[in-house]
Amino acid sequence: MTSEQRIIYITGRGGDAGKGLGAYLKTIDPHRIGLSVNSIFLSLPFDQQISTIHDLLHRFDGPNTSIIANSYGAYLLTSSLIDKPAIASQVLLLSPLLGLTLEEEEQMFYSRPPNQRSWSEALEQGRMNKPSYLEVCAGESDGGACSPTVVMQFSELIKADQVQLIPEQGHQLTSTVVQLVVGLFLAQAG
């Protein structure tokens, strides 16, 4: 990673950009920008959440910017790409929440994020613009928020550059796996 590169990190629901992956990214880029999708952020209307992320992209987008978005943060990021110009940044979606999910196998899991129908329609209609580089990484055993089937459908529709389904990993990827995936992503972005 060169000194001109910038990292933006968007957490999952309830996340703190100063802890966990956010703290790790700060060791790589002391000027890393973090957006915590915490209770304060989630109290904003959905349109304002998307507007906040869109403004962040508008201010810092560029070929030297790497964006890492986790779980619900990935849903918000992809929502901000609908009907907007394509961004020049490289993007890594970790265990992304991708629209409506219903899993009944071992335990009932249901997820219906805000604006899900419009999100799905935009993806299917090609109105969700792919960043200059898009990588999607999820656990192969994620049976809920980010099932492998949904990951592959999303990746095919948006034409992701790389898709990784990590064996023996669920929705919460281990920190070792995350650091490896993030390290490889940042190395290719640099």
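**Close-up 1. Trp119, a buried residue in a predicted model.** Trp119 has a relative accessibility of 3%, so it counts as buried (under 20% relative accessible area, with exposed meaning over 50% and partly exposed in between; 1.4 Å probe, protein chains only). Trp119 and Phe154 make a stacked aromatic pair, with 5.9 Å from centre to centre and 10° between the planes. For ring pairs, the centres of Phe, Tyr or Trp rings (six-membered ring for Trp) lie within 6.5 Å; planes under 30 degrees apart are stacked, over 60 edge-to-face, and the rest tilted. Phe154 is buried too. Because Trp119 sits in helix H5 and Phe154 in helix H6 (residues 148-158), this pair ties together parts 35 residues apart in sequence. Helices here are DSSP runs (H or I, at least four residues), numbered from the N terminus.

This is a predicted model, where local features need pLDDT of at least 70 and side-chain atom pairs 80 or more, while totals for chains, interfaces and linings use all residues. Residues count from 1 along each chain as its sequence is written, and side-chain values use heavy atoms, leaving out hydrogens and water.

Close-up 2. Searching the whole structure turns up 5 aromatic pairs. In one of them, Tyr75 and Trp119 have ring centres 5.4 Å apart and planes at 35°, so the pair is tilted. Tyr75 is buried, at 0% relative accessible area. Ring pairs join Phe46, Tyr72, Tyr75, Trp119 and Phe154 into a cluster.

Terms used
Helices (H or I, at least four residues) and strands (E, at least two) are DSSP runs, numbered from the N terminus.
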